[in-house]
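Please examine the sequence and the structure shown here, and consider how selected parts of the chain are placed.

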Amino acid sequence: MSSLPNAIDKRMSILALTWPLFIEIMLRTALNTSDVFMLSAYSDKAVSAVGVITQISFFLIIISSMVSSGTGILIAQYNGSERHQDAAQVAIASMVMSAIVGIGLSVFAVTAAYYLLPYYGLELQVQNYAQEYLLISGSMTFNVTMGIVLTTILRSHGFSRSPMVINLIAGIINIMGNYIALYQPFGLPVYGVQGVAIATVSSQVLSTLMLCVKLRRSGIELPFAQWRQIPKVIYQRIVRIGMMNAGEMLSYNLAQLTIIYFVVQMGTASLAAFTYAQNIARISFAFALAVGQGSQIQAGYFIGRGLIDAILVRVQKYFVVGFIVTNIVTITTFMLSDTIIPLFTDQAEIASLTASLIAGSILLEAGRVFNLIFISALKAAGDIKFPVKMGIISMWGLGVVFSYLLGVHWGYGVFGAWMAIAMDEWFRGIIMARRWRSKVWTRYQLT
């Protein structure tokens, strides 16, 4: 790589891509965990409500990512093959599409607050909290959609540090907003779940504005005045790749929503423990997630330059590092669980259930590493249909089916559902690793 002439090459090294992504993911994790931590002092029922809303919000983000995922893969490959005008057209087209999709998702979120939440069968107070949060956060989904696309454009050009810094600033503002909403500084009233939602939305709006400023100053050529002249084929490629790419994520989220439904039937304590364990688990897979995102950008760039054998070996090395780090973090978290769990709840039943899920995470998170890294690389190569098909089979055939059998039918409760998720991650992950090593993905051509 050192002999390659492009100035972008230095920004495309795995270290340059991954460390800002890792810090940003940790910031997001800390932000999400701080929401749960602060709300836990307010009400365990509020935590359960946010647990449900998190799944719906993730669903909205997946649809938003339909635009951004196609954008990221195309820009990386176009930059690798030095087709910079095509890369610029992709960026502009994605911004136009994100505005349209985002407005549609905002309307859907508000509608879901009134007509979807009742189907979860939540306790009345939990449902009221969930509705309050979704009405505020969901109505601003268009802003999140725009922010995701702007971040993708910057990262695909190798600018990983800027989104990291911007998210740090937004995160601090969010935490300050949560504090004001829940802890009555200066004698202010408690604003509760509504206040937390407003704080989250305010930080997201500020983040999007800062991303716009950074994009203007980045030197990336984006001739917005020519947006009407962008060929239809550019839009078609973004949609085609994005729909396939989002298919696997969409299947995963729908499966998780179904599993959450099973967990709700187990009681509020199980739902709260599931929510706490999910937030704690994010720390365990944060590094692997960053490596996966970084390797996807680098893989697209390398494939665009025709460096197939180089990226084949590199991705496998990245997996080994991610696997080792994830296991170290997960085991350490388990060893410290007696210290961590009391930070979230003092309810004995919830604490006991959460502890069992953290123990189960040692198995679950090790399997997740396969998917975070190898699926990302396969998508960058254009091999997208296979992960989607296998994802649907595994997530539903193992994850959902065995969540019901183990968790509900055979009475193992929320721990049984947790182990069913681990079964899905391992089965699917091993297949994806074999797929990458086989080099079947070299047959696919995106552009």
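The model is predicted. Helix H9 covers residues 268-304, a total of 37 residues. From its first C-alpha to its last, H9 reaches 50 Å, which is close to the 54 Å expected at 1.5 Å a residue. How is H9 placed relative to the rest of the structure? Of its 37 residues, 30 are buried, so H9 is largely enclosed by the rest of the structure. Just after this helix, Gly306 adopts a positive phi of about 80°.

Is Ser68 buried or exposed? Its relative accessibility is 5%, and because the limit for a buried residue is under 20%, Ser68 counts as buried. When neighbours within four places in sequence are left aside, Ser68 is in contact with Ile148, Val149 and Thr152.

Helix H10, made of residues 308-335, includes Met335. Met335 has a relative accessible area of 63%; since exposed residues are those over 50%, Met335 is classed as exposed. Which residues form a nonpolar surface patch with Met335? They are Ile331, Phe334 and Leu336, and together with Met335 they make a patch of about 390 Å².

Terms used: Residues numbered from 1 in each chain as written. Predicted model: local features only at pLDDT ≥ 70, side-chain atom pairs only at ≥ 80, totals over all residues. Heavy atoms only, no water. Helix = DSSP H or I, 4+ residues; strand = E, 2+ residues; numbered from the N terminus. Expected span 1.5 Å × (residues − 1). Buried < 20%, exposed > 50% of the residue type's maximum accessible area, 1.4 Å probe, protein only. Contact = heavy atoms within 4.5 Å. Patch = residues over 30% accessible without salt bridge, like charges linked within 9 Å, V, L, I, M, F, W, Y side chains within 5 Å. Areas by Shrake-Rupley, 256 points an atom, 1.4 Å probe, with all protein chains shown as cover. Salt bridge = Lys/Arg side-chain N within 4 Å of Asp/Glu carboxyl O.
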